[in-house]
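Take a look at the sequence and the model first, and then read on.

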Number of protein chains: 2
Amino acid sequence: MSNLSNTSDEILASARNLIMSGGYNGFSYADISEVVGIRKASIHHHFPSKVDLVRELVKRYREDGQASVVTLEQNVPDALDILKVYANHWAKCIEDASRPYCVCALLASELPSLPPEVATEVTAFFRFISSWLTAVMERGSKNGALNLTSEPHIEAEAFLATVYGAMLSSRAYGKPEVFSTILGPALSRLTPTVSH
Amino acid sequence: MSNLSNTSDEILASARNLIMSGGYNGFSYADISEVVGIRKASIHHHFPSKVDLVRELVKRYREDGQASVVTLEQNVPDALDILKVYANHWAKCIEDASRPYCVCALLASELPSLPPEVATEVTAFFRFISSWLTAVMERGSKNGALNLTSEPHIEAEAFLATVYGAMLSSRAYGKPEVFSTILGPALSRLTPTVSH
DNA sequence: GACGATCTGCCTACTAGAAGGTAGATAGAT
DNA sequence: ATCTATCTACCTTCTAGTAGGCAGATCGTC
């Protein structure tokens, strides 16, 4: 027991880090092999093909995200606070360089050249985030926690685009603080005016 | 004369299209060879190494952008109109699928794994767009053509992030119209209120 | 409890094909 | 005579993936 095949988890984790920096074609089984300390062939034992590996990786990435969202919704009632926590999650990841980019953002930009099985999972991830944010916007709009100027689903897409665009800019400039600089005003705009 | 080595232009053009869909590691000299109808070795005659090829490609991409900006500034005086033309340029490219993604957006997301010579050029592209947009924001703010809620450079970064985030979302969902849906409200927000 | 059978996780050794790149020849233009 | 653009033929290294073996854990059955 104990290490109930957590080698496959290690493989997924190292693949995630590698994809995060160079995308689908930016890593190989040999790279993972070096990080995990296992032979190439042994990786094929856990994930017969590269497509299997990345499909599973993205599927879990989405499932983990869904679980986090459930917890977040349970602990934070206010819609604006939820958006702040979400933005802050990425701000931290980018600033401490732990996970400075979303795996699905990288894969989405490579989408046309991705194996279809992987592409499907990536698209599903974006649909999940989008529908979650839409629900948050709707709720916040109705109970006055958010100040929307467009329809909830449009505000959701705009917010998502801002987050992912800010992520890209941080990486492009090599300046992690750019993310918060952009998200600050975006969140202010959604904050209801206090009085009058 | 006549085709004063426009083979090298064809090589660059096909490389651009290939990078646009799969990034730096998503294409090979063999791919270009097929598109251009020339042998692999002949590509090396024009661009000794892959790094040379992509460095030159990004350098020209930036120079072309700089030239377009000069023309745009000459023909369109109003700052808000400039932003609209810029957004509309991308909206068209995405909707007619001619150039549905920015080469530098894709390369920027792969930045940590890119050869340094290429990375430098990509960063330079983003700095160029950023400083141009900042100048547009400043001018528009001063002469009342734009309604800013933050400092010009922050508005510039926010606008840039929105454009590139919207580009990514369009690709992720496979829905070109998402781009305009997001950019519409973003531009409205920058439009000065007509009366009172 | 003992004994073989299967399962799991890893290994070495290999393959075919693709990668980026080189050497050297050839034909035509200057 | 040299330069340019192309070619064929090749090299080396890396790629994903396969075949088959081996040690140890688990399991069924006597």
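## Helix H9 of chain A

The buried residues of H9(A) pack against H5 and helix H8 (152-173) of chain A, together with H8 of chain B. They are Val178(A), Phe179(A), Ile182(A), Leu183(A), Ala186(A) and Leu190(A). Here, a residue is buried if 20 or more other C-beta atoms lie within 10 Å of its own, exposed if 12 or fewer, and partly exposed in between, with C-beta atoms placed from the backbone. Helices (H or I, at least four residues) and strands (E, at least two) are DSSP runs, numbered from the N terminus.

H9(A) has 14 residues, and from its first C-alpha to its last it reaches 21 Å, close to the 20 Å expected at 1.5 Å a residue. That expected span is 1.5 Å times one less than the number of residues in the helix.

## About the model

Please keep in mind that this is a predicted model: local features need pLDDT of at least 70, side-chain atom pairs count only at pLDDT 80 or more, and totals for chains, interfaces and linings use all residues. Residues are numbered from 1 along each chain as its sequence is written, while chains are lettered from A and ligands numbered from 1 in the order in which they are written.

## Chain A as a whole

Chain A has nine helices and zero strands. Its C-alpha atoms fill a box of roughly 65 × 35 × 35 Å, taken along the principal axes. Of the 196 residues in chain A, 39% are buried.

Two residues are in contact if their C-beta atoms, placed from the backbone, lie within 7 Å.

## Helices H1 and H2 of chain A

Helix H1 (residues 7-22) of chain A packs on helix H2 (residues 29-36) of chain A at an angle of about 120 degrees, and their axes are 9 Å apart. H1(A) is therefore oblique to H2(A). Angles under 35 degrees count as roughly parallel, over 145 as roughly antiparallel, 65 to 115 as roughly perpendicular and the rest as oblique. Axes are lines fitted to C-alpha atoms, for helices over the stretch in contact, and angles run from 0 to 180 degrees between N-to-C directions.

From H1(A), the contact is made by Thr7(A), Glu10(A), Ile11(A), Ser14(A), Ala15(A) and Leu18(A), and from H2(A) by Asp31(A), Ile32(A), Val35(A) and Val36(A). One of these, Glu10(A), counts as partly exposed because it has 17 C-beta neighbours inside 10 Å. The C-alpha atoms of Glu10(A) and Asn147(A), 137 residues apart along the chain, are separated by 43 Å.

## How the two chains meet

A rotation of 180 degrees with 0.0 Å of shift along its axis superposes chain B on chain A, with an RMSD of 0.0 Å. That is the relation of a two-fold axis. The same surface serves both copies, as 100% of the contact residues of chain B recur in chain A. Copies are superposed by least squares on the C-alpha atoms of residues with pLDDT of at least 70 in both. Of the residues of chain B, Gly165(B) comes closest to the rotation axis, at 2.0 Å (C-alpha).

In the interface, 39 residues of chain B are in contact with 39 residues of chain A. The elements that give two or more residues to the side of chain B that touches chain A are helix H1 (7-22), helix H6 (103-109), H7, helix H8 (152-173) and helix H9 (178-190) of chain B. Which of them gives the most to this side? With 14 residues, H8(B) does.

The axes of H9(A) (residues 177-190) and H8(B) come within 9 Å and cross at roughly 90 degrees, so these two helices are roughly perpendicular to each other. Val178(A), Thr181(A), Ile182(A), Pro185(A) and Ala186(A) of H9(A) make this contact with Ile154(B), Glu157(B), Ala158(B) and Ala161(B) of H8(B).

## Backbone details

Most residues other than glycine have a negative phi. Ala97(A), however, has a positive phi of about 60 degrees although it is not a glycine. Ala97(A) sits in the loop between helix H5 (79-95) and helix H6 (103-109) of chain A, and it is exposed, with 8 other C-beta atoms within 10 Å.

The 27 residues of helix H7 (residues 116-142) of chain B should span 39 Å at 1.5 Å a residue, and the end C-alpha atoms are 39 Å apart, which agrees.
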